[in-house]
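Subject: Structure for you to look at

Hello,

Here is the structure I said I would pass on. Please open it first; my notes follow below.

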Amino acid sequence: MADVEQSAAVPDGSSTGSDAVNGTAGRFVSGAEGTALAYGSLLLMALLPIFFGALRSVGCSKSKSASDMPETITSRDAARFPIIASCTLFGLYLFFKIFSQEYINLLLSMYFFVLGILALSHTMSPFMCRVFPANVPNKQYQLLFTQGSGESKEEIVNYEFDTKDLICLGISSVVGVWYVLKKHWIANNLFGLAFALNGVELLHLNNVSTGCILLGGLFVYDVFWVFGTNVMVTVAKSFEAPIKLVFPQDLLEKGLDASNFAMLGLGDIVIPGKYIYITCFLKKNTRTYFYTSFLAYIFGLGLTIFIMHTFKHAQPALLYLVPACIGFPVLLALFKGELTEMFRDESATVKHIHVYTEKNNGKAARSNKKTYKELLLCV
């Protein structure tokens, strides 16, 4: 979905429309320490959303109400996803060729400003529940929009929130304004990490087979659009949005004003992350497959960075991540004689939904899962 790459351009939001990483290798030659720091930081930032997103998703309570069951990505959805992603990517390419890049990116900045605030606020919510002072009133609010009247009245928006949520929204709004005005790489990463964590936490695959179909399709998508055409790179250089993680390789020389960045697209985190998460449920009372997939991701991303650094050329990370994330668990299943069971296991289905519990008062507060999922799918 996205590539790992070096860039000499300031991260003014330039990012992969659907998932590519921008830029071309810069002329500035970073020191070995700065380069190692950048690559290590990218690897760490990629692992955090996967681990904590999976942890938050597993830790959520389960609802028995059918109306609360989240929609999942089925095998049919997974097979169509690379086609939809390709059409979207090529559509963006045509837009940037036909219309003014300045105006398109202005609209995108406003769009991702709203999405980023919502995603970051949702990410901060569990932490805010722990640090919120007990002696401060936590008032409840409801935002309700309806259409029609009487028996034909229909709810358009019905969102419940409280004082803690308002504080999270306030803090997130400050980050959003900072990003829109300065396009600073730290603000970019805060939004990017929030998008990635929410994606891993809230998006669902119904089984391992679906995950393999999705990863396999996006493997072909990534390789084709990176090596076969200049479409992804062109969109990557033109697209301004916080859908990548960046870290400066010249941080030690230039501090926070550094401009020579290594980058990683969020697609290389969220999609493998959901596959890694679903391996949690392959065997009861054990996380062997989860830890194997997690280590495979580290290996695959590390190999991507090594190849990119060696050949000084952007790499489609899924080219290395997909064989590693699928291959390692499959080899483990073959060794343990559980391959058939691995691909028919249905335990990680839609029954795992998200009902967040406020520990202070024990009252379950359901988040608007459908809304967040729709927003993340838009990204």
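How far apart are the end C-alpha atoms of residues 212–236, and what percentage of the span is helix? The distance is 26 Å, with 92% helix and 0% strand. Helices (H or I, at least four residues) and strands (E, at least two) are DSSP runs, numbered from the N terminus.

This is a predicted model, in which local features need pLDDT of at least 70 and side-chain atom pairs count only at pLDDT 80 or more, while totals for chains, interfaces and linings use all residues. Residues are numbered from 1 along each chain as its sequence is written, and side-chain values use heavy atoms, with hydrogens and water left out.

An unreviewed UniProt entry lists residues 212–236 as a "transmembrane region", and residues 317–335 as another; such annotations may be inferred rather than shown by experiment. Residues 317–335 are 95% helix and 0% strand, with end C-alpha atoms 27 Å apart.

The largest nonpolar core has 86 residues. Such a core is a set of buried Ala, Val, Leu, Ile, Met, Phe, Trp, Tyr and Cys residues joined through side-chain atoms within 4.5 Å; buried means under 20% relative accessible area, exposed over 50%, partly exposed in between (1.4 Å probe, protein chains only). F112 and F239 are among the members that touch the most others. Helix α3 (residues 101–131) gives the largest share, nine residues.

N105 also lies in helix α3. N105 is buried, at 2% relative accessible area, and its side chain reaches the backbone nitrogen of E240 at 3.0 Å.

Regards

Terms used: A polar contact is a pair of N or O atoms within 3.5 Å; within protein, one must be able to donate a hydrogen and the other to accept it, and residues adjacent in sequence count only if both atoms are side-chain atoms.
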